[in-house]
Amino acid sequence: MFEPLISNNVVCHALEAMIFASVACSILGVIISRMSLSSIGFTMSHAAFAGAAIGMFLETNVQIAATLFSMGVAALIGPVSDKAKMAADATLGVLFAMSMAVAIFLISYMEYLGKGSSPGSLLYGDVISLYREEIYAMAAICLLTIAFVLAFYKEISVLMFNMKIAQAAGIRVKLVYYVLLFIIALSVALSLNIVGGLLIFVLLVTPASIAGQFCFSVKSMFIVAPLVALIVSGAGVWAGFWFTLPVVPLVALLLTGVFALSVMLSQKRRINKKML
Amino acid sequence: MSIIDLKGIYTAYEGGDKPVINDLSLRVERGEYVVVGGPNSAGKTTLLESINGLVRITHGSAIVCGLDLQSNADEVRRKVGYVIQNFYFDPFTPFTVEQVVMMGRFGRLGLLNRPKNDDYDAAEKAIRLVGIEDLAHKTIGTLSGGQQQKVMIAHNIAKEPEVLMLDEPFSNLDFHAREYLQCIFRDIVRSGTPILMVAHAFDGLPEIRIHLIVMNRGRISLDAFCEASEVESIIRTECVW
Ligand SMILES: Nc1ncnc2c1ncn2[C@@H]1O[C@H](COP(=O)(O)OP(=O)(O)O)[C@@H](O)[C@H]1O
Ligand SMILES: [Mg+2]
């Protein structure tokens with residue numbers, strides 16, 4: 001995409017990958033944070049992480065393994081989270097712990113065996129050695145996320161408002177909810193080897209929180225969050241290569257910095273002087 | 001044909017040791033104002049949620065708005081208004097009152113269809129009817145409990161349901177608001193749309209014939225017609241505390 005503009009292929013791929021990953025994750029992040037699905041996002045990202053470790057261990061395609069594993073967890077989470085909240089939280093906790101255990105077990109074992117190509121990249125991500133196909137896949141999921149939000153905006157907005165009211169309104173809550181879970185699973189799994197299992201949560205949570213500080217309407221959150229994510233990832237990739245710093249943690253730190261700034265500057269927290 | 005026709009229904013919650021609704025039968029016709037009374041935990045909320053399929057009926061037959069509830073729950077919910085007793089939403093998600101009222105139309109619009117002029121008209125009309133024009137552009141999270149209740153009533157009026165169910169809709173409302181809303185409900189009933197209301201306070205009840213249901217321990221212990229002025233005293237004597 002940026003080849004004509006950027007002569008260095010590695011920088012170019014990194015930039016594209018970071019932009020697609022951060023836009024997809026930040027849009028989903030708006031939904032996740034407003035539907036109090038944070039623990040679901042958390043569980044899903046660790047499931048993808050475990051899936052990737054399994055894929056690496058079995059020497060199969062890491063992305064596909066990550067995708068399958070997180071889709072599997074999504075299919076488990078769906079029916080559970082329909083029910084009582086307590087039960088869902090407990091199940092999510094168990095799935096999360098299980099995913100972490102599987103991942104760490106396999107990574108340690110692979111290190112002991114000297115097997116697997118850089119298992120550490122599962123944890124920290126790797127924007128340097130990406131394949132074309134991975135970037136295409138990420139671009140596709142980014143477009144899918146945008147299309148999903150545009151097509152189902154009406155339903156998503158009621159779900160974000162209140163799940164029970166959405167049901168009572170006669171919206172096909174289950175359908176939309178399951179599609180949402182699968183899109184989260186896909187995005188998280190594909191973003192994994194770009195940003196790594198540890199930092200993917202930053203992309204899911206921070207841009208949405210930044211948007212929450214500034215936006216006076218839900219619609220604008222869906223625009224501001226990916227915009228912030230896009231600008232900060234772009235800046236992060238640029239600065240990372242320019243100053244030879246690790247790109248992904250840099251993006252994470254920059255986003256956190258922007259969040260801190262937005263809390264300080266937010267109009268929403270100010271009490272209008274004229275009212276007093 | 002009855003708008004609501006329940007025959008011998010049972011409803012149980014997952015994990016509950018016994019059914020909450022026991023062998024209950026009820027018919028509601030067009031133009032009826034149904035008041036559901038009864039002590040706490042008698043199963044009033046569960047009855048309403050059985051009628052629109054939010055909780056599953058385990059036995060018995062339920063025809064609502066001409067549809068078999070068991071196989072058409074989504075479709076039934078599109079036609080049944082339901083003002084929930086306790087709702088919670090994130091006060092920092094900035095939905096405006098206008099948007100929330102509009103959401104009442106989304107079920108009947110169906111997937112992928114965008115709101116059209118008549119949807120905007122219905123939402124606007126509901127806002128005017130309930131008298132919350134001044135709140136239309138406010139964020140719902142910044143409103144008081146009573147104002148939020150009015151918004152949810154407008155949301156369900158905008159839906160233009162075939163039957164309107166309300167679960168203790170007056171709990172946060174002052175005496176003036178209660179009387180005002182009761183007039184609206186009277187007009188809704190007069191237009192033919194039945195109302196099913198769970199309530200504990202009956203001031204301002206319109207002077208029309210009331211279909212009174214009293215529930216005790218998951219059963220209907222009284223199903224009769226009476227005058228509005230008699231409702232309170234009948235419920236007092238019928239409730240098993
Ligand atoms: N989600 C639930 N799970 C299990 N039991 C419930 C649930 N909701 C209500 N109940 C039980 O069902 C009974 C009837 O509750 P409800 O219909 O809310 O009564 P009411 O509205 O008349 O006060 C109560 O005993 C209550 O404990
Ligand atoms: Mg109740």
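**Figure 1. A lysine of chain A over a phenylalanine ring of chain B.** In this predicted model, the charged end of A:Lys154 sits over the ring of B:Phe106, at a distance of 6.0 Å from the centre of that ring. The view therefore brings together one residue from chain A and one from chain B, the charge being supplied by A:Lys154 and the ring by B:Phe106.

**Figure 2. Surroundings of ligand 1 in chain B.** The residues that surround ligand 1 are B:Tyr13, B:Val20, B:Pro39, B:Asn40, B:Ser41, B:Ala42, B:Gly43, B:Lys44, B:Thr45 and B:Thr46. Sorted by class, this shell holds four nonpolar, five polar and one charged residues, and B:Lys44 is the charged one because Lys is counted among the charged residue types. A polar side-chain atom of B:Lys44 lies 2.8 Å from an oxygen atom of ligand 1, while for B:Thr45 the distance from a polar side-chain atom to an oxygen atom of the ligand is 2.7 Å. B:Thr46 likewise places a polar side-chain atom 2.5 Å from an oxygen atom of ligand 1. Taken alone, the ligand exposes 560 Å², and the protein buries 57% of that area.

Figure 3. Over all chains, the count of aromatic pairs comes to 14. In one of them, the rings of A:Phe57 and A:Tyr109 have their centres 6.0 Å apart and their planes at 40 degrees, so this pair is classed as tilted. Because A:Phe57 lies in helix H2 (residues 38-57) of chain A and A:Tyr109 in helix H4 (residues 85-113) of chain A, the pair ties together parts that are 52 residues apart in sequence. A:Phe57 counts as partly exposed, with a relative accessibility of 21%, and A:Tyr109, at 37%, also counts as partly exposed. A further pair is made by A:Tyr177 and A:Tyr178, whose ring centres are 6.5 Å apart and whose planes stand at 75 degrees, so that the pair is edge-to-face. Within that pair, A:Tyr177 is buried, with a relative accessible area of 2%, whereas A:Tyr178 is partly exposed, with a value of 23%. One aromatic cluster is formed by A:Phe57, A:Phe105, A:Tyr109 and A:Tyr112.

**Figure 4. A:Phe105, an exposed member of the aromatic cluster.** A:Phe105, which belongs to the cluster that also includes A:Phe57, A:Tyr109 and A:Tyr112, has its place in helix H4 of chain A. Its relative accessible area is 57%, so A:Phe105 is exposed, the cut-off for that class being over 50%. The C-alpha atoms of A:Phe105 and A:Gly234, two residues that are 129 positions apart along the chain, are separated by 34 Å.

**Figure 5. A:Leu203 in the helical chain A.** Chain A has 12 helices and zero strands, and, of its 276 residues, 53% count as buried. A:Leu203 lies in helix H10 (residues 200-214) of this chain and has a relative accessible area of 3%, so this leucine is buried, which requires a value under 20%. The C-alpha atoms of A:Leu203 and A:Ala21 are separated by 8.2 Å, although the two residues are 182 residues apart along the chain.

**Figure 6. Two loop residues with a positive phi.** A:Thr244 is found in the loop between helix H11 (218-242) and helix H12 (247-265) of chain A, and its phi is near 45 degrees, a positive value in a residue other than glycine. With a relative accessible area of 69%, A:Thr244 is exposed. In chain B, B:Cys65 occupies the loop between strand E4 (57-64) and strand E5 (67-68), and here phi is near 50 degrees, again a positive value in a residue other than glycine. B:Cys65 has a relative accessibility of 10% and counts as buried.

**Figure 7. A buried asparagine and a backbone nitrogen in chain B.** B:Asn156 has its place in helix H6 (residues 145-158) of chain B, and at 2% relative accessibility this asparagine counts as buried. A polar atom of the B:Asn156 side chain lies 2.8 Å from the backbone nitrogen of B:Tyr82.

Definitions and conventions: Residues are numbered from 1 along each chain as its sequence is written. Chains are lettered from A and ligands numbered from 1 in the order in which they are written. This is a predicted model: local features need pLDDT of at least 70, side-chain atom pairs count only at pLDDT 80 or more; totals for chains, interfaces and linings use all residues. Side-chain values use heavy atoms; hydrogens and water are left out. Rings of Phe, Tyr and Trp (its six-membered ring) pair if their centres lie within 6.5 Å; planes under 30 degrees apart count as stacked, over 60 as edge-to-face and the rest as tilted. Helices (H or I, at least four residues) and strands (E, at least two) are DSSP runs, numbered from the N terminus. Buried means under 20% relative accessible area, exposed over 50%, partly exposed in between (1.4 Å probe, protein chains only). A charge sits over a ring if NZ of Lys or CZ of Arg is within 6 Å of the ring centre and within 35 degrees of the ring normal. A residue is near a molecule or strand if one of its heavy atoms lies within 4 Å of it. A polar contact is a pair of N or O atoms within 3.5 Å; within protein, one must be able to donate a hydrogen and the other to accept it, and residues adjacent in sequence count only if both atoms are side-chain atoms. Accessible areas come from the Shrake-Rupley method with a 1.4 Å probe; for residues, only the protein chains shown count as cover.
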